[in-house]
Amino acid sequence: RANMVAKATGLPEDLYHDLVAKAEQAIKTSLRQRPVNVKDAVVKERNFKKLRQRSVEVSEFSYRPVACEHDYRVVVVRKN
């Protein structure tokens, strides 16, 4: 919705912080051999631009629709 996008883009930069991913669980068995990654080779072969995500930032704000009696928490995710 346009009003939510306007609120999210209007947030100050200092409200955004880096998303901290949960640590992976400890592996109880032996590691498997990973398959060959063919995706990078296909991208290079077809002369596409290789896009990689640099960071993920999150922020939040409260929002109350007109007909509601309580606020909702809206989480905004910004990917760079």
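Q: A salt bridge is here a side-chain nitrogen of Lys or Arg within 4 Å of a carboxyl oxygen of Asp or Glu; which residue forms one with R64?
A: The model is predicted, so local features need pLDDT of at least 70 and side-chain atom pairs count only at pLDDT 80 or more, while totals for chains, interfaces and linings use all residues. Residues are numbered from 1 along each chain as its sequence is written, and side-chain values use heavy atoms, with hydrogens and water left out. The closest N and O atoms of the salt bridge made by R64 are 2.8 Å apart, and the partner is D71.

Q: Where does R64 lie, between which strands?
A: Strands (E, at least two residues) and helices (H or I, at least four) are DSSP runs numbered from the N terminus. Apart from neighbours within four places in sequence, R64 is in contact (heavy atoms within 4.5 Å) with E69, H70 and D71. R64 itself is found in the loop between strand 2 and strand 3.

Q: How many Å apart in space are R64 and N37, C-alpha to C-alpha?
A: R64 counts as partly exposed because its relative accessible area is 47%, given that buried means under 20%, exposed over 50%, and partly exposed in between (1.4 Å probe, protein chains only). R64 and N37 are 27 residues apart in sequence, and their C-alpha to C-alpha separation is 46 Å.

Q: Which residue forms a salt bridge with R73?
A: The closest N and O atoms of this salt bridge are 3.5 Å apart, and they belong to R73 and E60. The pair links distant parts of the chain, 13 residues apart, with R73 in strand 3 (residues 72-79) and E60 in strand 2.

Q: How many residues apart are D40 and K50?
A: The side chains of D40 and K50 meet in a salt bridge with an N to O distance of 3.9 Å. This pair links distant parts of the chain, with D40 in helix 2 and K50 in the loop between helix 2 and strand 2. D40 is partly exposed because its relative accessible area is 30%, and K50 is partly exposed because its value is 49%.

Q: Which residue has a side chain joined to that of E57 by a polar contact?
A: E57 has its place in strand 2 and counts as buried because its relative accessibility is 17%. Among the residues that E57 touches, not counting those up to four places away in sequence, are Y16, H17 and D18. A polar contact is a pair of N or O atoms within 3.5 Å; within protein, one must be able to donate a hydrogen and the other to accept it, and residues adjacent in sequence count only if both atoms are side-chain atoms. The contact made by the E57 side chain is 2.6 Å, and its partner is R78.

Q: Is S59 buried or exposed?
A: S59 lies in strand 2 (residues 56-63), and its side chain reaches the backbone oxygen of L15 at 3.4 Å. Not counting residues up to four places away in sequence, S59 touches L11, L15, Y16, V74, V75 and V76. Because its relative accessible area is 4%, S59 is buried.

Q: Which residues make up the largest nonpolar core?
A: A nonpolar core is a set of buried Ala, Val, Leu, Ile, Met, Phe, Trp, Tyr and Cys residues joined through side-chain atoms within 4.5 Å. Leaving aside neighbours within four places in sequence, A8 is in contact with Y16, F61 and V76. The largest such core has six residues, namely A8, L11, Y16, F61, V74 and V76.
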